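Have the sequence and the model open side by side. The report below takes up the interface, then a helix pair, then a sheet.

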Amino acid sequence: MAIVLNGKTFDIGCPITIKDLLKSKGVNADRVVVEVNYQIIVKNEWDSSMINDDDQVELLQFVGGG
Amino acid sequence: MEDKLIIGNVELSSRLFIGTGKFSNNAKVGECIKVSGCSVVTVAVRRIDFEAPEENMLRFIPSDCIVMPNTSGARNAKDAVRIARLAREAGCGNWVKIEVISDNRYLLPDNFETVKATETLANEGFVVLPYMNPDLIVAKALKDAGAVAVMPLGSPIGTNRGLKTKEMIRILIEEIDLPIIVDAGIGRPSHAAEAMEMGAAAVLVNTAIATAHDPVTAALAFSLAVKAGRLSFISGAPQSWQHAKASSPIEGFLDSLTD
């Protein structure tokens, strides 16, 4: 079972929550933004919102920019 | 002397905005902000790179600064709106610098798409500051679309070439009843002072500070130049003349000594 995570195929085994996905990738959840299939998922739904097969997931953060 | 800059109902303590890209050491960003007194900084939104994790830029920005995400990477209005919404979700407020660029060589902004994105985002409650190619008609359209300020380029991004668009910016300052913030191309403190002397409300500087040998000293120099330029504008610089006009009295001279 695979998703597209930040533009690359990523095997997740079985459906997982966004919270668990962040944890498995070692991402500090502070000030991170999550978009699934072009829909923003607000933070208080990360515990309950599931990532499923073929989902397109974007994990974003702020970097330097002008 | 009261000389307030108010944007989006916020009174800003500095007329220097700093961009946070291209710093070789992100810790310097915080030092530059502190030494310059800057109160608005720009950041970009990017995918997290799991192979080479980058520190979140917010870590280096003092909490009393306004964080203004840009929409860099957007090639049309739709992209810009998507990026702005994502940025707002990060919880840093609702300011956004719209940047829509589809030209890879000169990185010139697409004014048409910028107007569209401005309208959508202003209607959604964003405080919208669009980066634009200086054009009076477009600036009017941006104002009508709900922009709180207009950010014309001085010269292409990262070129450090100064105010190549000076005359067009002058017209915007004269005709548009919004703060005009010169963005892009300001490569020296003297360029910043020049923009401020013309009556620009503020300037946004990134490359010239970030890539200076000593960014912190550069940030200080820019902040002083911005202040000097602003004071010069307020003071009402006098007219210039082709021929000399004596500063000392032209009567009461001693008689010339003759042999």
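How many residues of chain A are in contact with chain B, and how many of chain B with chain A? Contact joins 18 residues of chain A with 29 residues of chain B. Two residues are in contact if their C-beta atoms, placed from the backbone, lie within 7 Å.

## Basis

This is a predicted model: local features need pLDDT of at least 70, side-chain atom pairs count only at pLDDT 80 or more, and totals for chains, interfaces and linings use all residues. Residues are numbered from 1 along each chain as its sequence is written, while chains are lettered from A and ligands numbered from 1 in the order in which they are written.

## The A–B interface

On the side of chain A that touches chain B, β4 (33-36) and β7 (56-64) of chain A each supply at least two residues. β7(A) gives the most, with seven residues. Helices (H or I, at least four residues) and strands (E, at least two) are DSSP runs, numbered from the N terminus. By class, this side of chain A has eight nonpolar, six polar and four charged residues. Ala, Val, Leu, Ile, Met, Phe, Trp, Tyr, Cys and Pro count as nonpolar; Asp, Glu, Lys and Arg as charged; the others, Gly among them, as polar.

β7(A) also pairs with strand β4 (residues 40-47) of chain B. The pairing is antiparallel, over five bridges. Two strands pair if DSSP finds at least two bridges between them. Opposite Gly64(A) stands Val43(B), in β4(B).

## A helix pair in chain B

Helix α6 (residues 189-198) and helix α8 (residues 215-235) of chain B pack at about 25°, with axes 7 Å apart. Axes are lines fitted to C-alpha atoms, for helices over the stretch in contact; angles run from 0 to 180 degrees between N-to-C directions. α6(B) and α8(B) are therefore roughly parallel (angles under 35 degrees).

The contact includes Pro189(B) and Met196(B) of α6(B), and Phe222(B) and Phe233(B) of α8(B). By class, the contact of α6(B) with α8(B) has eleven nonpolar, three polar and three charged residues.

## A sheet in chain B

Three strands of chain B form an open sheet, in the order β6-β7-β8, with parallel pairing. The edge strands are β6 (95-98) and β8 (151-152) of chain B, each pairing on one side only. Two bridges join β7(B) (residues 127-132) to β8(B). Met132(B) has Pro152(B) as its bridge partner in β8(B).

Helix α3 (residues 111-123) of chain B packs on this sheet, touching β6 and β7 of chain B. The direction of α3(B) makes about 175° with that of β7(B).

Technical notes: Angles under 35 degrees count as roughly parallel, over 145 as roughly antiparallel, 65 to 115 as roughly perpendicular and the rest as oblique.
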